[in-house]
Amino acid sequence: MKIILQDHEPDLNSNSEELANVIINRIGLMPRKKGSTEQMNRVLVELYERAKEASRERQPEKAVITVEEMAFFAGITRQTMYDYLKRWIDLDLIKKTSYIKDSKVIIGYKLNGNTLESAFEKTAIKIRNNTEKTAKLILELQKLLKNEKISKSQRQNTSKNIE
């Protein structure tokens, strides 16, 4: 999993589209190739709108959005959306789900919570867990480096005493 967090800031008096774009950039969900799409923020907004509608109407299937629909909102092909989707899932912002409609199984994705805030909490936990694990690895590295240095020093002293 490769996540690139960025330090974008919203402009004063940003509208919802601009703010959604800043959020997508900050959590590393923007496409990496320049010029591929500038509309990925529309997917985030649509996920939120559908989650709201599903909650309001007590119809959970309304929160689900297919890959084709996500691609439409992002202004990219379905196959390209599949490429980007992995990061959304890896961050726990969305989850895969399915439901039956007219005797057909519909597979899609929805926010990993009832609101953007609750879905983002799961993303924040994922990032926090990663940084906590990294902190433990840093302590381990520090300890290993110290022990290796001591061991090397002791070997050198032992070899000098033998001569």
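Q: Which residue takes a positive phi in the hairpin of S1 and S2?
A: Aspartate 102, with phi near 55°. The hairpin has two residues between the strands.

Q: What kind of model is this?
A: This is a predicted model, with residues numbered from 1 along each chain as its sequence is written. Local features need pLDDT of at least 70, side-chain atom pairs 80 or more, totals for chains, interfaces and linings use all residues, and side-chain values use heavy atoms, without hydrogens or water.

Q: Back to aspartate 102. Where is aspartate 102 found?
A: In the loop between S1 and S2.

Q: Does aspartate 102 count as buried or exposed?
A: Exposed, because its relative accessibility is 68%. The cut-offs are under 20% for buried, over 50% for exposed and partly exposed in between (1.4 Å probe, protein chains only).

Q: In what sense do S1 and S2 pair?
A: Antiparallel, over eight bridges (pairing takes at least two DSSP bridges). S1 covers residues 94-101 and S2 covers residues 104-111. Strands here are DSSP runs of E, at least two residues, and helices are runs of H or I, at least four, numbered from the N terminus.

Q: What is the bridge partner of tyrosine 99 in S2?
A: Isoleucine 106.

Q: Switching to asparagine 13. What is its phi?
A: About 60°, positive, although asparagine 13 is not a glycine. It sits in the segment before helix H1, residues 16-26. Asparagine 13 counts as exposed, because its relative accessibility is 80%.

Q: Now helices. At what angle do H2 and H4 pack?
A: About 60°, with the axes 13 Å apart. H2 is residues 40-57 and H4 is residues 78-90. That angle makes H2 oblique to H4. Under 35 degrees is roughly parallel, over 145 roughly antiparallel, 65 to 115 roughly perpendicular, the rest oblique.

Q: Which residues make that contact of H2 and H4?
A: From H2, Met40, Val43, Leu44 and Leu47. From H4, Met81, Tyr84 and Trp88. Contact means heavy atoms within 4.5 Å.

Q: And H2 with H3, at what angle do they pack?
A: About 130°, with the axes 7 Å apart. H3 is residues 67-74. H2 is therefore oblique to H3 as well. Axes are fitted to C-alpha atoms over the stretch in contact, and angles run from 0 to 180 degrees between N-to-C directions.

Q: Which residues of H2 and H3 make the contact?
A: H2 gives Met40, Arg42, Val43, Glu46, Leu47 and Arg50. H3 gives Glu69, Met70, Phe73 and Ala74.

Q: What does glutamate 46 touch?
A: Ile65 and Phe73, not counting residues up to four places away in sequence.

Q: One more, isoleucine 89. Where is it found?
A: In helix H4. Isoleucine 89 is partly exposed, because its relative accessible area is 32%.

Q: Which residues is isoleucine 89 in contact with?
A: Ile94 and Tyr109, leaving aside neighbours within four places in sequence.

Q: How far apart in space are isoleucine 89 and glutamate 148?
A: They are 40 Å apart, C-alpha to C-alpha. In sequence, 59 residues separate isoleucine 89 and glutamate 148.
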